[in-house]
Amino acid sequence: MRTAVFPGSFDPFTVGHYDVLESALQLFDKVIVAVGYNSSKKGFFNPDTRVEIIRQAVADLPNVEVCTYNGLTIDLCRNLGVNHIIRGLRTTTDFELESVIAQANKKMAPDISTTFIPACQEYSFISSTVVRDILIHKGNAAQFLPKGVDIEKFLAEREK
Ligand code: ADP
């Protein structure tokens with residue numbers, strides 16, 4: 001069984017992430033979406049909410065698991081016994097940043113490889129940062145969020 005980890009902040013998970021995940025499922029039997037967080041950095045949504053959002057988003061996709069992690073992605077891979085990392089690429093800037101990380105990971109963990117999946121043209125401008133800005137200013141971000149995500153519920157919980 002070929003399994004990959006798709007790590008990211010996913011704050012929140014967008015249609016761009018969903019598209020990469022769908023492509024990854026063509027290549028791997030199972031994909032574990034891993035929400036990375038840094039205890040000293042407060043996100044927009046907390047890691048558990050990000051997981052809940054992803055669970056709603058992937059409800060119609062088979063063979064997807066969702067988890068959180070703190071620390072190095074290669075350590076997460078080792079703990080899970082997984083040898084593949086998925087990352088999405090939107091721009092040449094993404095490529096430059098991501099290739100450095102992939103090379104460092106390869107040096108530290110030669111048995112773990114990174115697979116890059118290009119963004120589809122329609123979604124290549126979508127980022128969690130843009131979606132967060134829209135949400136903060138009470139705009140309608142529905143078209144940038146995967147179907148099935150009840151973002152109003154999570155926003156209401158956040159403001160409690
Ligand atoms: P990180 O903070 O780790 O970069 P993100 O949640 O911003 O986490 O992104 C996770 C992964 O998804 C990254 O590889 C990023 O390049 C990719 N990604 C983000 N948005 C898109 C998009 N619109 N299309 C394709 N890939 C994307």
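I call a residue near a molecule if one of its heavy atoms lies within 4 Å of it. With that rule I looked up the ligand and found 16 residues around it, the closest being Ser9, Phe10, Gly88, Tyr123 and Ile126.

**Entry: ground rules.** I am working with a predicted model, where local features need pLDDT of at least 70 and side-chain atom pairs count only at pLDDT 80 or more, while totals for chains, interfaces and linings use all residues. Residues are numbered from 1 along each chain as its sequence is written, and side-chain values use heavy atoms, with hydrogens and water left out.

**Entry: the ligand.** Next I looked for polar contacts (pairs of N or O atoms within 3.5 Å). I found a backbone N or O atom of glycine 88 at 2.7 Å from an oxygen atom of the ligand. A polar backbone atom of isoleucine 126 is 2.8 Å from a ligand nitrogen. From the side chain of histidine 17, an N or O atom is 3.3 Å from an oxygen of the ligand. I then checked the cover: the ligand taken alone exposes 550 Å², and the protein buries 85% of that (Shrake-Rupley areas, 1.4 Å probe).

Which elements build the shell? I noted that strand 1 (3-8), helix 1 (15-27), strand 4 (84-89) and helix 4 (92-108) each supply at least two residues. Helices here are DSSP runs of H or I with at least four residues, and strands are E runs of at least two, numbered from the N terminus. I sorted the shell into seven nonpolar, five polar and four charged residues. In this scheme Ala, Val, Leu, Ile, Met, Phe, Trp, Tyr, Cys and Pro are nonpolar, Asp, Glu, Lys and Arg are charged, and the others, Gly among them, are polar.

**Entry: the largest pocket.** A pocket is an open set of points on a 1 Å grid over the protein atoms alone, where a 1.4 Å probe fits, with protein on both sides within 12 Å along at least five of seven lines; lining residues have an atom within 4 Å of a point. The ligand takes up the space of the largest pocket (more than half of its atoms lie within 2 Å of the grid points). I read a volume of about 1200 Å³ for this pocket, volume being the space filled by probe spheres set on the points, which are joined across faces, edges and corners. Its lining has 47 residues, and Pro7, Gly8, Ser9, Phe10 and Arg87 are the closest to its centre. Which element gives the most to this lining? I found that helix 4 does, with eight residues. By class I listed 20 nonpolar, 17 polar and 10 charged.

**Entry: the second largest pocket.** I read a volume of about 210 Å³ here. The lining includes Val15, Tyr18, Asp19 and Glu22. Helix 1 gives the most, with four residues. By class this lining has seven nonpolar, one polar and four charged residues.

Entry: Most residues other than glycine have a negative phi, and most peptide bonds are trans. I found a cis bond from aspartate 11 to proline 12, with omega near 5°. Proline 12 sits in the loop between strand 1 and helix 1. Asparagine 63 has a positive phi, near 65°, and lies in the loop between helix 2 and strand 3 (64-69).

How values were computed: Polar contact = N/O pair within 3.5 Å; in protein donor to acceptor, adjacent residues only side chain to side chain.
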